[in-house]
Amino acid sequence: MLTVTKLARRCGVSRTALLYYESIGLMPPPQRSGGNYRCYSESDAERLSTIRAYRNAGLTVDNIRALLKTRRLKSGEALETGDAFHVLQRRLVELDTEIKALRAHQEAIVKLMGNKALRKVDMITKDKWVSIMKSCGFSEEQMYRWHGEFERSAPEEHQEFLEFLHIPAAEIETIREKSRKVG
């Protein structure tokens, strides 16, 4: 027999979640000890593990309830009446829809970030960046070597970074030219 705490730990849920599942009928009322403590069985542990697996798949409590309903055959065996395949398939379609919506949000954010007026928000400036680099012990030469490596490995991103620092276009060109010459 397992206590509330032992069962919750074993199945990777909180005590509160286990008691909540019991209160809404996903978990059957457990047996009670002589001191009126809850006592859970191995079948309760299996059921809680199943509930957790379904929750990890993003299923709603109502979906889980439908999947856990059972009926008894004449032989006494339990047969699940919830159609797990169809419920899971429907959840997969829902996730696909959610992912498409999130991708559309990403694209909208990227477009907004591409707007020059929006990008003028001062988060960090060239002066702040140089100050950070110097406080880390970078000399002027080491900073140009850093820029040189950035320019060689990702020239477009280097350009975007310099623009992010709100450096004027002419100065960006000078930094990039010097960066290309650093060996």
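**Briefing: salt bridges, cysteines and a loop residue**

R65 is partly exposed, with a relative accessible area of 29%; buried stands for under 20%, exposed for over 50% and partly exposed for what lies in between, using a 1.4 Å probe and protein chains only. The model is predicted, so local features require pLDDT of at least 70 and side-chain atom pairs pLDDT 80 or more, while totals for chains, interfaces and linings use all residues. Residues are numbered from 1 along each chain as its sequence is written, and side-chain values use heavy atoms, leaving out hydrogens and water. The structure holds 11 salt bridges, and a search of the whole structure finds 0 disulfides.

- R65 is paired with D62 in a salt bridge (a side-chain nitrogen of Lys or Arg within 4 Å of a carboxyl oxygen of Asp or Glu), with the closest N and O atoms 3.2 Å apart.
- These two residues, R65 and D62, lie 3 residues apart in helix α4 (residues 61-68), which means that about one helical turn separates them. Helices (H or I, at least four residues) and strands (E, at least two) are DSSP runs numbered from the N terminus.
- D62 is exposed, at a relative accessible area of 56%.

- E94 forms a salt bridge with R91, and their closest N and O atoms are 3.3 Å apart.
- Because E94 and R91 are 3 residues apart in helix α5, they are separated by about one helical turn.
- R91 counts as buried at 14% relative accessibility, whereas E94 is partly exposed at 35%.
- D96 and K100 also meet through their side chains in a salt bridge, at 3.4 Å from N to O.
- D96 and K100 are 4 residues apart in helix α5, so about one helical turn lies between them.
- D96 counts as partly exposed at 37% relative accessibility, while K100 is exposed with a relative accessible area of 54%.

**Cysteines**

- C11 is buried, with a relative accessible area of 5%, whereas C136 is exposed at 58%.

**Loop residue D83**

- D83 is placed in the loop between β4 (78-80) and α5 (84-114).
- The relative accessible area of D83 is 39%, which makes this residue partly exposed.
- D83 and K69 are 14 residues apart along the chain, and their C-alpha atoms are separated by 10.0 Å.

Note on methods:
Disulfide = S-S within 2.5 Å.
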